[in-house]
Amino acid sequence: MKGRWTGRLVLCLAILMVVSLAGVAVAREKVTFWTSHSGTPDRQALELICQRFNESQDKYEVEMTIVPGSETDIAKLMTAVAAGTGPDVYLIDRFTTAQRAVAGALTDLTPFIERAGWRPQDDFLEFAIEESTWSGKIYSLPFDTDTRGLYYRKADFRDAGLDPEAPPATIDELEQVMAKLTKRISERRFERIGLIPWLGQGWHYTWGWAFGGEFYDYDARKLTVNEPRIVESFAWQQKIAEEYGIAAIQGFASAFGSEAQDPFISGKISMIVDGDWKIAGLERFGPDVEYGVGRIPVKAGVGPTTWAGGWAMAVPRGSKNPEGGFEFARFATGPVGQEIYTRDTAHLPTLKAMLERKDLFEDSYHEVFLDMLPFARSRPALPVGALLWDELTSARDYVINGDKTPQQALDDVVSRVQPELDKNF
Amino acid sequence: MKWTKQEIRTILTGLAFASPWLVGFAIFTVYPILASLYYSLTEFTGLDVTAFVGFGNYIDMITKDELFHKSLYNTLYYLVLAVPLGFVVAMALALALNLKIKEISFYRTCVYIPNIVPAFASSFIWLWLLNSEYGLVNLLLEQVGIWGPAWVSDPKWAKFSIVLMAQWGAGGSAMIFLASLQDVPRSLYEVADLDGATSWVKFRYITLPMISPVILFHVIMALFGAFQVFTPAYIMTAGGPANSTLFYVLYLYRNAFNYGKMGYASAMAWLLFILALITTLIVMKTSARFVYYQGEER
């Protein structure tokens, strides 16, 4: 009786061992992928890319997790990396690559790239791979990008006696159009404002470049945000704030919401500088709005300009499977991944080979944005990118509220950020 | 004095039973505190220590960092307004809830309910209440002919809006005050009534002294809370407009997690600790004159 039980036990153990060994043989190496993109349709597109990756090969298996975070806030990643529990791939805001690399949060991808005998510079748009590079080493692979243009409501243009097919091209024209489009209820209340320059994507960089400014001198390693042309772009915003009354604008703007309450959709503003992703929002929440898209107005004599941002796939430090992480990053940023993401989310691709793929977009507006990519600018790839961004934003706030002169505000940015930058050389 | 074997055993047994807590306290509280003290003397990205700078972080902060000064000013502004206001509101609520009426427990529940709402959610609610065009607050003000300001988007009003918003949570303190109000012996009031004391005199010379230890507790907790004010600014204003709601802890958080300056952030944390410590000591020292403990001779 006792012998039979022992026999059974041995048999059970033997079966268990065989089963688990077989499991090991077919199990693929896990690759963990974290992203803070939790919204529709970005999340679904990323999930589809993971699925295609898993179908495409038998060595690795990627698993995607949504984590809290934003463009510049990657607290979750930093704490996980410090604790040794970070992922193998993380989707980061590309312009922060240099900063995260210097902080020691990312794995240098150059050895993987060399082993693969690959030259990413041949495949990706120049500005995108530049953003992914810090002191000659590549720390992330460019994923999507986007550009910014001037959206305008055609009905408002007609209403104000303007040509709805001719959006303003220069700053002077823009000012005239703004005045014609703006309607007041009383001295301190608006019914409609032509354009609030700093709304949407009307950032410091946007107007700085539109005035022909340069934010950084790569050779001298000096920030040049206080140079005359950028000062002029700030002064122009200050002038608008004074003319229209900053308190009145703020009061008016505090009622702006998103989605169906978007001020452009509800007709509270006639023009806005915004990115290509706004097309999807307009289609969904304002399908009846008749609008056009033009380039960002520039100061007379300055060439066409826009700026491009976007995200990138990076392999965090301490990854347990950096080879697998690199493999997935390359797949996601390659033709298959970028085609899915471009088609499903209507962001723009960073692969040169895909610039002509207008068939990926259902609407006619995206062409305008795709055509801007050749002259698109990107934020300087610096380890102080996030700090510089916040400081420029504060400076802009000080200026439009009349707390500092443009020159003073921008001088202050340099004196705060330059010493931080110098620590890296 | 020498401990007997029995006593030593008792102590060891006690420590053994307390050890889960002791170990947790050492690992999760003592170690991080000491580690942050070390990091505050370095340049630390959160992952690597890149340089040892001694008191450099502290010196930079105090002598050079304009934004640090601004964030400290914002926090002190908040503290100076929010702590006294919070006391007055909570006390007024507690006195009202101490009335002898039938449906009082219903009101008590109502007053406490806002405390159950997470700060994150209530910040969003207030963002809408304070909206300058469609907000309920300005709508009510308009009824009485006042043109309300752009509460959270005007740099002159944003900090004050957050002070006002904090009163939403006064119900928690009101409950503590209420409990202590009900602890005051009835007999004292009866004696005062016999002497013909007015309500104010009874409040000033009986109620306030009797509940003064609870008031001291409230003031110290409120000071700590005010030094650490973070959530509403993080959610509602992101520190803006024009850095007018960039509170100390929000700036600390940005340095730590957005700019990769964990060493600097650690130094800020220590300075805040020292500030809070000094403030508390001052309050404790001066409180001896105002606080009455039952049974104490005067």
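Two residues are in contact if their C-beta atoms, placed from the backbone, lie within 7 Å. The views below show a predicted model, in which local features need pLDDT of at least 70, side-chain atom pairs count only at pLDDT 80 or more, and totals for chains, interfaces and linings use all residues. Residues are numbered from 1 along each chain as its sequence is written, while chains are lettered from A and ligands numbered from 1 in the order in which they are written.

**View 1. Contacts and dimensions of chain B.** Of the contacts in chain B with a separation of 6 or more, 69% involve residues 24 or more positions apart. Chain B contains 13 helices and 2 strands (DSSP runs numbered from the N terminus: helices are H or I with at least four residues, strands E with at least two). The radius of gyration of chain B is 24 Å, whereas a compact globule of 298 residues would have a value near 19 Å (taken over C-alpha atoms; the globule rule is 2.2 Å times the number of residues to the power 0.38). Along the principal axes, the C-alpha atoms of chain B fill a box of roughly 75 × 70 × 35 Å. Buried residues account for 30% of the 298 residues in chain B; a residue is buried if 20 or more other C-beta atoms, placed from the backbone, lie within 10 Å of its own.

**View 2. The open sheet β13-β8-β14 of chain A.** In this order, 3 strands form an open sheet with antiparallel pairing (two strands pair if DSSP finds at least two bridges between them). The edge strands β13 (271-275) and β14 (291-294) of chain A each pair on one side only. Neighbouring strands are turned by 35 degrees against each other on average, direction ignored (axes are lines fitted to C-alpha atoms).

**View 3. Strand β8 of chain A and its partners.** Because 6 of the 6 residues of β8(A) are buried, this strand is largely enclosed by the rest of the structure. Strand β8 (residues 148-153) of chain A pairs with β14(A) over 4 bridges, and 5 bridges join β8(A) to β13(A). A:Leu150 has A:Val273 as its bridge partner in β13(A) and stands opposite A:Gly294 in β14(A). A:Arg153 faces A:Tyr291 in β14(A).

**View 4. The contact between chains A and B.** Chain A contributes 24 residues and chain B 21 residues. On the side of chain A that touches chain B, α3 (75-82), α12 (246-253) and α17 (385-400) each supply at least two residues. Helix α17(A) gives the most to this side, with 5 residues.

Technical notes:
Axes fitted to C-alpha atoms, helices over the stretch in contact; angles between N-to-C directions. Buried ≥ 20, exposed ≤ 12 C-beta atoms within 10 Å, placed from the backbone.
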